[in-house]
Amino acid sequence: MKLAITGATGNMGKAVMEQLCRLEEIEHIKLLARNKKKVKKLWKTCKPLQHKTEVIIGSIADKAVCERLIDGCDYVVNMGAVIPPTSDFDPRAAVTTNVAGVHALVSAIEGVQEQQPKLIHISTMALYGNRNHRHPWGRVGDPLLVSPFDVYAVTKLRGEFRVLESDIKQWAIIRQTAMLHDNMLADNTSDGLMFHTCFNAPLEWVTAHDSGVLIANILRKDSREDLSTTFWKKCFNLGGGAANRITGFDTLNDGFAMIGGSAKDFFCPNYNATRNFHGLWFSDGNVLDDMFGYISQSVKDYWQHIARIHAVYALGKAVPKRWIKSLVIKRLLKNYNAPAYWAKHNDTERLQAYFGGKDAYEALPCRWEDFDLLREGRADGEQVDYERLRTCSTTIDHGFDFDKSDADITMADLQSVAEAHGGKLLSEEFTKGDIYAKLTWQTQDGHVFTANAYTVLRAGHWHNPVYESFTWDFDRLSKKDKIFAQIWYDSHEIDEDHLYRLDEKYNPVPMGGEQNA
């Protein structure tokens, strides 16, 4: 087996490489990296692969580099991505890697006439946008309502669409959920990004280790010709299972337990966003695990692992909690990525996106006894049976019978979905079950786009301005789009009428300002 890998030096990439050390089928690996420094660190834990590995230095956005990377390979595993917080302060890098890079890589694979490599493309659950207790569960096929100002999610959305609509013969898209990795604590105490996590957001975690096991198991099984044909040309959610379905508050709480505290000791309820996050529990999270048996670690296992490898955190138990709150948490409130910073600098657009406006932000309570916590049975003034919510999945109406097989999809199904979106199916012919046939659709705005039935019905894509510009127009679109409305109005008022945009310098455009191209 010969592999081409991007993103091998990232947190998921390193976990994958460690698992590939155990894969006897590996003959040769080509790694694409931006510099040699990070690659050298890989050999500390992946030394058995060093003599089998060829390192190519270059940009994934360079098609010639991609052609060299994939030449002679059986599989391409694309984990290369610019993620938050880097995508927040360097959005151009996210566009280059997550969009232009995917286009270059896909084009290179499409250009292979004989023995075309198979592509495993890592996408993200951030495509689903914000969820709360009203629809905490989701599955592949749900609408993709990427959160306003989330450049990472937008660029990954565009990259995924390119893969879905490509001429690659065999591909698989895996939407990675929130990932627990060894550097997570350090990564989240250097930026205001942690304040984007809604305390009541549903989050399904998976460890980097288990993600690595999944990729290795896919390669092992397919190379032995033991993989079902139902895997390729499909999109999947990569989750961590029932034990890893918690909330944003639980995540912070579990982390602070290592130093003898809780989230309530170090955070105030008005520190964090109340919407505009990305997180959900997967009702179809068992699909990949049933096929590849990769889940072995829980959130509890992860924190025990972190306590072992970072024993220094235990020393925090001897430090007064008010000192830690001041030195570690409160200092980040001054960071450009924190809501408190937005309020101080009158960034009304972000306050609107993340809270529903400046007044809503300022009205948040300072005391935990005045804040509704989902895990304690309340959210947004409502009583919620939290344990029942975690075990009984919710669904939405996708505009057709979602449970019917691909082979039974008809023209009527396509028309029904288009109408539910407020648009039309323009194609006049469709062979029953031909879900990868190119079709022409029209949005409620009259925009015409091309996409196959799988992309729209099974992967949840429906064209809107965010596919072409950094423009989030879901307040308006949801008034006519019945599929969008089911999720969007869980955290937005029906009378909201806000257009979120970024200008050419990736700064928020005030309502009524110039729109970027």
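**Exercise 1. Where is K233 found, and is K233 buried, exposed or partly exposed?**

The model is predicted.

Step 1. Find the position. K233 sits in the loop between helix 8 and strand 10 (234–238).

Step 2. Check the backbone. Phi of K233 is near 65°. That is a positive value in a residue other than glycine.

Step 3. Classify the exposure. The relative accessible area of K233 is 24%, so K233 is partly exposed. Buried would need under 20%.

**Exercise 2. Work out the backbone and the exposure of N276.**

Step 1. Phi of N276 is near 70°, again positive in a residue other than glycine.

Step 2. N276 belongs to the loop between helix 10 (263–266) and strand 12 (281–282).

Step 3. N276 has 6% relative accessibility and therefore counts as buried.

**Exercise 3. Identify the peptide bond that joins P84 and P85.**

Step 1. Read omega: about 5°.

Step 2. Name the bond: cis.

**Exercise 4. Describe how helix 1 crosses helix 8.**

Step 1. Two packed helices are described by the angle between their axes and the distance between the axes.

Step 2. Take the distance. The axes of helix 1 (residues 11–20) and helix 8 (residues 208–223) come within 8 Å.

Step 3. Take the angle, roughly 50°. Helix 1 and helix 8 are therefore oblique to each other.

**Exercise 5. Repeat the analysis for helix 3 and helix 5.**

Step 1. Helix 3 spans residues 63–70 and helix 5 spans residues 91–110. Their axes come within 8 Å and cross at roughly 50°.

Step 2. That angle makes helix 3 oblique to helix 5.

Step 3. The crossing of helix 3 and helix 5 is right-handed.

**Exercise 6. Trace the salt bridge between D142 and R131.**

Step 1. The closest N and O atoms of D142 and R131 are 2.8 Å apart.

Step 2. Locate both ends. D142 is in the loop between strand 6 (137–138) and helix 6 (151–164), and R131 is in the loop between strand 5 (118–124) and strand 6, so the pair ties together parts 11 residues apart in sequence.

Step 3. D142 is buried at 2% relative accessibility. R131 is buried too, with a relative accessible area of 3%.

**Exercise 7. Which parts does the salt bridge between R134 and E382 tie together?**

Step 1. Confirm the contact: the closest N and O atoms of R134 and E382 are 2.8 Å apart.

Step 2. R134 lies in the loop between strand 5 and strand 6, and E382 in strand 14 (residues 382–383), so the bridge links parts 248 residues apart in sequence.

Step 3. R134 is partly exposed at 30% relative accessible area. E382 is partly exposed at 31%.

Methods:
Residues numbered from 1 in each chain as written. Predicted model: local features only at pLDDT ≥ 70, side-chain atom pairs only at ≥ 80, totals over all residues. Heavy atoms only, no water. Axes fitted to C-alpha atoms, helices over the stretch in contact; angles between N-to-C directions. Helix = DSSP H or I, 4+ residues; strand = E, 2+ residues; numbered from the N terminus. Parallel < 35°, antiparallel > 145°, perpendicular 65-115°, else oblique. Left-handed = near helix turned anticlockwise from the far one by under 90°. Buried < 20%, exposed > 50% of the residue type's maximum accessible area, 1.4 Å probe, protein only. Salt bridge = Lys/Arg side-chain N within 4 Å of Asp/Glu carboxyl O.
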